[in-house]
Amino acid sequence: KGIIQLTNGNYKDGWDNYELGLKNKTRILKKGFEKFQNLPEWKPCLHKKSVLLIGEQGLGDEIMFSTIIGSLKNKVEEVFIYCDQRIKTILKHKYPFIKFITLEDESFKKIQSRIPIGSLPKYFRRYEKDFLHNKKPNSQDSKNSKLSNNNRIDKKIIGLSWNTTNQKFGPERNIKLEDFMEILSDHNLRFLNLQYGNHENDINYIEKKLKRKIFINDNVDNKYDL
């Protein structure tokens with residue numbers, strides 16, 4: 001019901017019902033989260049000193065919900081996170097203030113509260129206007145406005161991933177790279193390969209049809225360190 005409400009733009013009720021996913025196990029918290037269960041659940045009016053964000057579901061979910069961390073920082077002094085290590089560098093770059101916690105780290109006991117990262121929207125994205133609230137260019141992003149080869153970015157760059165080896169969700173999520181042909185042929189766009197695994201045959205096939213390289217040369221470790 002919550003997903004249907006969110007799809008229809010009813011964010012206030014949708015996010016409230018989305019919380020039920022924690023009870024019926026459709027939202028799976030990052031393995032080892034039980035270690036932090038004794039921390040109180042974060043409440044904006046009570047816990048203003050520190051909060052521990054707990055990652056959940058897949059890598060894409062953690063990246064998506066991480067876009068709300070800036071809003072959270074306006075409400076709490078210190079933000080800690082227990083997340084997928086593959087996105088640690090991304091988060092450190094975007095949010096220099098964030099502190100990372102591992103299962104071996106006992107310092108979490110001094111943290112005031114905890115919240116699953118997927119529960120942030122119920123506080124900060126309850127209405128459509130909230131998605132644009134305080135949206136400002138990241139100062140760190142503006143400093144890094146060049147690619148590694150020092151060519152300025154003049155076109156939109158789109159990260160592309162089209163295949164997962166997840167046996168449970170793969171069949172309904174996977175898509176053929178060829179199905180992106182119309183988008184890939186747009187010379188006003190540039191693409192970054194975020195797909196893990198060996199897909200050279202598919203890429204070579206598309207490049208032969210388009211008669212050009214489709215991905216920017218990069219050193220992204222798509223499997224272990226994005």
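Analyst: Contact here means that heavy atoms lie within 4.5 Å. The model is a predicted one. In that sense of contact, Leu72 touches Trp42, Val51, Leu53, Val79, Leu120 and Phe124, leaving aside residues up to four places away in sequence.

Leu72 belongs to the largest nonpolar core, which has 25 residues. Together with Leu53, Val79, Ile81 and Leu120, Leu72 touches the most other members of this core. At least two residues of the core come from each of helix 2, strand 1 (50-54), helix 3, helix 4 (69-73) and strand 2. Helix 2 gives the most, with three residues.

Helix 2 spans residues 11-18, and its buried residues are Tyr11, Gly14, Trp15 and Tyr18. These four lie on the same side of helix 2, because they cover an arc of only 90 degrees around the axis. An α-helix has 3.6 residues a turn, so residues three or four places apart point the same way. The buried residues of helix 2 pack against helix 1 (2-7), helix 3 (59-66) and helix 6 (121-124).

Helix 3 has a buried set of its own: Leu59, Asp61, Glu62, Phe65 and Ser66. These residues fall within an arc of 165 degrees seen down the axis, so they line one face of helix 3. Their packing partners are helix 2, helix 4, helix 5 (88-94) and helix 6.

Strands 1 and 2, which each supply at least two residues to the core, are part of an open sheet of four strands with the order 3-2-1-4 and parallel pairing. Strand 3 (99-100) and strand 4 (114-116) are at the edges with a single partner strand each, so one side of each has no neighbour in the sheet. Strands of a sheet pair through backbone hydrogen bonds, either parallel or antiparallel. Strand 2 (residues 78-82) pairs with strand 3 in the parallel sense over two bridges, and Phe80 stands opposite Lys99 of strand 3.

Elsewhere in the chain, strand 5 (residues 156-160) runs parallel to strand 6, and five bridges join them. The bridge partner of Gly159 in strand 6 is Leu192.

Some figures for the whole protein give the setting. The protein has 10 helices and six strands. Of its 226 residues, 38% count as buried. Among contacts with a separation of 6 or more, 73% are between residues 24 or more positions apart. The protein exposes about 14800 Å², of which carbon and sulfur atoms supply 50%.

The count of disulfides comes to zero. As for individual cysteines, Cys45 counts as exposed at 62% relative accessibility, whereas Cys83 is buried with a relative accessible area of 1%.

Technical notes: Residues numbered from 1 in each chain as written. Predicted model: local features only at pLDDT ≥ 70, side-chain atom pairs only at ≥ 80, totals over all residues. Heavy atoms only, no water. Buried < 20%, exposed > 50% of the residue type's maximum accessible area, 1.4 Å probe, protein only. Arc of directions from axis to C-beta. Pairing = 2+ DSSP bridges. Areas by Shrake-Rupley, 256 points an atom, 1.4 Å probe, with all protein chains shown as cover. Core = buried A, V, L, I, M, F, W, Y, C linked by side-chain atoms within 4.5 Å. Disulfide = S-S within 2.5 Å.
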